[in-house]
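Here are some notes to read beside the structure, written for someone meeting it for the first time. Take the points one by one, and find each residue in the viewer as you go.

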Amino acid sequence: MVLKRALNYINNKGARAAVKRGLSKAVPKLLIEFPALNALPSELMIEPTSVCNLRCPLCSNKSLKRKHGRMSLEKFKTVLDKAGPQVKKVVIGLTGEPLLNKEVWKMIKEARSRGIFVEMPSNFVLLDNFEMKEVIDADLNRLIVSLDGASEKTYKKYRVGGDFKRVVKNVKALCKAKENAGTKNPEVVIQFLVMKHNKHEIKAIEKLARGMHADVLSLKNTMLWTSLTKSKREELAEKWLPEEEQYRILDKELKEVRGSPKVCPAVFDYCSVLWNGDLCLCCNDFEGEYLVGNIIKQDFAEIFRSKKYNALRKAALEKTLPLCRECEISNGTFGGKSIRLKGDSDEKN
């Protein structure tokens, strides 16, 4: 009873995240031995759809074996209801393209009405399928636009099926709409995966991002997804990964270059929810190979503190799962550089 009251105090008073982070870093084994100490997560990654309109060479989506589908607005609301009021941040997106879900802006608006910080990654080809008023009214906090080239030729080499001019036009239109509406939301982040074929355009992408009136340019190091065979990883690395160490996470043997192993935040601090409500181990578990329950059908707290989830946490901590050994997040090696192009957004996270 005392422990339960203490956990309720932590959740209700807002100190939950700070206390939990401290415990995760200092005594992760204690959290595994005593699951009740795991306060419910303040962050969710929710997949509005598993379908994507592009076929990027280093993305696992094109070879996804699990069933494809889209989450409905009602199921999205159910996920938020059952996750609990301690949720303060939601990332809308996992393996698919969020804009392929026609209700995505309604989902964002729903989360924002609950005071939740919302971030969405997108290839942004399909923005012009929506009314700009709906986009602005949704009040998305942060938008991450994948734009891995400052020219059409470079962009199309990796973003297979994409439309460079359409993306640039969409970003400009959104930034103009923000200005007309007198709002700073969403913060527009141009994400540029640094690869062998596009590294010569780093200066050009910064110029383009400024010209589009984006807020931030993110130069991100490129990873290879897990579950690839050794030969396939070597083939893809040779073709796409740059030689320069500052643009790499993986060395020539395809192991982590920098960042000592740390406690993975994915298994302690947030949850990944697939389009059908299934909870997978983390955002790197693209196939849903390590499912721990279904948030729509089961009690969230029971799932989060279950023996099954805890066993996977232990395996993740010990790096015995293949996807953990090859993951940038679990090793604390996020990699990359952000360049702020304009002033801060009205909310940070």
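1. Let's start with a charge and a ring. The charged end of Arg 313 is placed over the ring of Tyr 309, at 4.0 Å from the ring's centre. Arg 313 also lies over the face of Phe 304, where the distance to the ring centre is 4.5 Å. Please keep in mind that this is a predicted model.

2. Now look at the two rings themselves. Phe 304 and Tyr 309 have ring centres 5.4 Å apart and planes at 80 degrees, so this pair is edge-to-face. Both residues are buried: Phe 304 and Tyr 309. Together with Phe 300, they form one aromatic cluster.

3. How many aromatic pairs does the structure hold? There are 4. If the description of such pairs is new to you, two values do the work: the distance of the ring centres and the angle of the planes. Another of the pairs is Trp 105 with Phe 130, whose centres are 6.2 Å apart and whose planes stand at 80 degrees, so it is edge-to-face. This pair links distant parts of the chain, 25 residues apart. Trp 105 belongs to helix α5 (residues 104-113), while Phe 130 is in the loop between β3 (117-122) and α6 (132-138). Trp 105 and Phe 130 are both buried.

4. Step back for the overall view. The protein has 13 helices and 10 strands. Of its 349 residues, 54% are buried. Its accessible surface comes to about 16300 Å², and carbon and sulfur atoms account for 53% of that. Take the contacts between residues at least 6 apart in sequence: 72% of them join residues at least 24 apart.

5. Which of its residues are buried? They are Leu 73, Phe 76, Val 79, Leu 80 and Ala 83. These residues cover an arc of only 115 degrees around the axis, so they are on the same side of α4.

6. What do the buried residues of α4 pack against? Their partners are β1 (43-46), β2 (89-92), α5, β7 (270-273) and α11 (300-304). After α4 comes Gly 84, which has a positive phi, near 110 degrees.

7. Ser 72 is partly exposed, with a relative accessible area of 29%. Leaving aside residues up to four places away in sequence, Ser 72 touches Glu 103 and Met 107. From Ser 72 to Thr 49 is 23 residues in sequence and 9.3 Å in space, C-alpha to C-alpha.

8. Finally, the cysteines. A disulfide is a covalent bond between the sulfur atoms of two cysteines. Searching the whole structure gives 0 disulfides. Cys 271 is buried, with a relative accessible area of 1%. Cys 175 is buried as well, at 7% relative accessible area.

Conventions:
Residues numbered from 1 in each chain as written. Predicted model: local features only at pLDDT ≥ 70, side-chain atom pairs only at ≥ 80, totals over all residues. Heavy atoms only, no water. Phe/Tyr/Trp six-rings, centres within 6.5 Å; stacked < 30°, edge-to-face > 60°. Helix = DSSP H or I, 4+ residues; strand = E, 2+ residues; numbered from the N terminus. Buried < 20%, exposed > 50% of the residue type's maximum accessible area, 1.4 Å probe, protein only. Lys NZ or Arg CZ within 6 Å of the ring centre and 35° of its normal. Contact = heavy atoms within 4.5 Å. Areas by Shrake-Rupley, 256 points an atom, 1.4 Å probe, with all protein chains shown as cover. Disulfide = S-S within 2.5 Å. Arc of directions from axis to C-beta.
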